[in-house]
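Thanks, everyone, for making the time. I would like to walk you through the strands and helices slowly, and please keep the structure open as I go.

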Amino acid sequence: MMRIAVTYNVQRLPVAYRMYVLSLLKEALSCSDESYFRWLYEDRRHTMKPFGSAIYLKDFTYIRDEIHLKELTITIGSHDMEFMLHLFNGLQQLHTYETGGETWVRTNIKMLKEKTIKSSKIVLRTLSPVLIESKEGRPLHPEEEGYKEAFQYYASLRIRELYKREPYGPIGIEPLRLMKTVIKEKNFSLSSESAGQGKPYLYFTAYRGILRLTGHPEDLQLLYLSGVGQRVSQSFGLLELEREEM
C-alpha cells in the first residue's frame, strides 16, 4: 500500500485551485492509459472515484484573487493499486503542466508507505479538510446534531461504492480538535447567468484538525487509504493516521 507525493514549482495560483489539481491528475491518468481514463471518467462518470488527495502550499501569500507561492505538493491516496500505478506512471511523464496561464515544473515525485490499521479505535489528522453536508446541502458543524449521523452515512457509502460490500460495523466519529475552513472554488459548470450575478464561486464549509474514528479495522483502513466525506477526489477528506488506541 502506498501514497504518492508529487511536488511542482508554481509561482501563482488562483484562489480556487482545487479543480486545476484535479485536472492534472486526470491528465496523468490519460497519459498513462487512455482506455483506463475513459473507463473511470466516462463509463463510470457518476460513481465515486477511488482516491483522495490533499494539497500543501509552501511559502504562500494571498494577493486579491491569487495565491503567490514557491511550490505545491499534492498527496494522493487510494486502496486501488491499479489506479495508483496508472497515476504514478502518468505523473512521471508530466515533467511540466500548463494550466491557468502558468507552467508547473515537477521537482519531485515519490511513493509514501501507508500504515496497516489493526485497532477499532484510531486518531487521525486531516491532510485535507473533511466536508460533511446535510441532505439539503447545508454545511454541518461537528458539534451539532446530525453531524455524526451524516458522517457515518458518507463513510458507509464510500465503503459500499469502493469495496462493493456493507461496512462490517457502525463507524463513529469523535471530533477532538476541528477548526472551520471555508473553501472558495470555481465550478466550471456554473452558468454565465450565475457569473453575471456576481456568483462565480462556490463556497464549501469544511473542517480540519484532529478526530477519532471507531469501527471495524478493515473499514477504518479503507477510509484512511482513500478518504472520507464529500468531494474527496477534489482534495477533501484525506486523512493521516496519528495513532491507534486500545
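Let me begin at V123, whose bridge partner in β12 is R243. Since what you have on screen is a predicted model, please take each of these pairings as a feature of that prediction. The strands β9, residues 121-126, and β12 are paired over six bridges, and they run in the antiparallel sense.

Stepping back from that pair, we find an open sheet of four strands, which reads in the order β10-β11-β9-β12 and has antiparallel pairing. At its edges are β10, residues 172-186, and β12, residues 239-245, each of which pairs on one side only. From one strand to the next, the twist averages 25 degrees.

Now, which helices lie across these strands? Helix α4, residues 147-163, lies across β10 and β11, the latter spanning 201-214, and runs at about 75 degrees to β10. Helix α6, residues 217-226, lies across β9, β11 and β12, and its direction is at about 150 degrees to that of β12.

Let me turn to another pair of strands, β7 and β8, which form a hairpin with two residues between them, and in whose turn G100 has a positive phi of about 60 degrees. Four bridges join β7 to β8, residues 102-113, and the two run antiparallel; as an example, E98 has T103 as its bridge partner in β8. If you look along β7, residues 96-99, you will see that Y97 and T99 make up a covered face, whereas T96 and E98 make up an uncovered one.

Definitions and conventions
Residues are numbered from 1 along each chain as its sequence is written. This is a predicted model: local features need pLDDT of at least 70, side-chain atom pairs count only at pLDDT 80 or more; totals for chains, interfaces and linings use all residues. Side-chain values use heavy atoms; hydrogens and water are left out. Buried means under 20% relative accessible area, exposed over 50%, partly exposed in between (1.4 Å probe, protein chains only). Two strands pair if DSSP finds at least two bridges between them. Axes are lines fitted to C-alpha atoms, for helices over the stretch in contact, and angles run from 0 to 180 degrees between N-to-C directions. Contact means heavy atoms within 4.5 Å.
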